[in-house]
Amino acid sequence: MALKNWWQVCTPHEDILEGRFDQSVFAADLGDVINGKGPNDYQDAALFYEKTYVTAGLQELISAVLASISGNAKGQSVIQLQTSFGGGKTHSLLSLYHIVKNYNKLKHMPMVEDLMKTAGVEKITDVKVAGFVGTHADPLKGRTPWGEIAYQLGVYDIVKDHDKDRIATGKEVLSEMLEKAGPSLILIDELLEYVVKKDRAEDLRDIEKGQTLAFIQELTEAVAGAPNTALVLTLPASAFEQYDEQAEKSLIQLAKVSGREETIFTPVEGSEIYEVVRKRLFQNIGGEKVHKEVAQWFFSLYNELDDAVPTQVKNTEYREKLERAYPFHPELIDALYHKWGSFPTFQRTRGVLRLIAEALGTMYEERLPAAVIQSSIMPLHVSGLKAEFIKHIGKEWNSVLDADVSGTNAKAKEIDRQLDSELRNHKLATGLATSVF
């Protein structure tokens, strides 16, 4: 059976096709959205949801929050999101922000209707949304976390003195704040970033530390006791990914304090990464029939190869994995997400999206014969893609790639040139060398 090439079946989003793709579109920023800035992919609620794959974890998170702000006893009012760098925390907060803040713009979308049904909620009305983002906040001159949240909820007068004195409020004041605000959703992102900056500022000014920790502890307790209110905050899985030993201690304290009342959700798990990537990068991926045909072809091939391939690729579960990952070969996504994702600087989900997006336009234009997008056809000769890889492993790899894989006189290309014309078009040596890399 002759399989269609992936580019005959699938169509990337227009920005990729037209060469105007901007990598910053993957740098989700809750603070920018609150302030009316940033890429339209995040500002426009409908467009955001069109390009979002709702994972099981995200669905569970949204359902828990919607149930809580609607007064459903099954809801969870205090939730902590803790994942590795680029693991989907901010995207999850944006999903919550838009569905609550912009419900009227989204309510007719089938995806949103399903989320509402799962949560057991008919509609969202008169719910206030407040967000505090640590990367945006100024620990010396800006509003404190309690001041900013109260300000966005429209009840700043209750914490005005505490904000000016930069002294954390007590639980009673926060309970009064929440009662006056009414049904509310509070989102806190990049909290560790703020604590790191504030600790440094307090060291320089010889000010007693701990105000932010005290506030978070009191806030979680106040929210847990308030009706129709939810708090969702994010923390990195490890501070060593970005900071130092002192920051790791602060992270442990934050996790402990916020963990007294919390429920922890994981935004992206297992093979959901395939769905996230293809939803985010493609406007069309063909029909299920094609996916099944391609998956079955590879599955049959692997079983024919017998001991020449790993045992797991000959199991029926792997055929399902092939189908779910189409138009990608699952080994490409897995290598990026798990192997490259082990580098502290690699941003997991965001990192995979950045790399694939950088390569996709060129691969679609080159149209090499390939039923699926595999490691072998990643265009390492594209400077932007090569730079995305090399920044994680060291500049010395530039010369390695130039000499062996992607340079004009690379060894792999020389071998390809020596093959007969029929094989030469498949760039076998270059593909093998790229896969090894």
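A charge sits over a ring if NZ of Lys or CZ of Arg is within 6 Å of the ring centre and within 35 degrees of the ring normal. In this predicted model, local features need pLDDT of at least 70 and side-chain atom pairs count only at pLDDT 80 or more, while totals for chains, interfaces and linings use all residues. Residues are numbered from 1 along each chain as its sequence is written, and side-chain values use heavy atoms, with hydrogens and water left out.

R143 lies over the face of Y151, 3.7 Å from the ring centre. Likewise, the charged end of R319 is placed over the ring of F299, at 5.0 Å from its centre.

Rings also meet each other. Rings of Phe, Tyr and Trp (its six-membered ring) pair if their centres lie within 6.5 Å; planes under 30 degrees apart count as stacked, over 60 as edge-to-face and the rest as tilted. The model has 16 aromatic pairs by this rule. W6 belongs to helix α1 (residues 6–9) and F282 to strand β7 (residues 282–284), so the pair joins parts of the chain 276 residues apart; helices (H or I, at least four residues) and strands (E, at least two) are DSSP runs, numbered from the N terminus. W6 is buried at 1% relative accessible area, and F282 is buried at 5%, where buried means under 20%, exposed over 50% and partly exposed in between (1.4 Å probe, protein chains only).

Elsewhere, ring pairs connect W340, F343, F389, W397 and F437 into a cluster.
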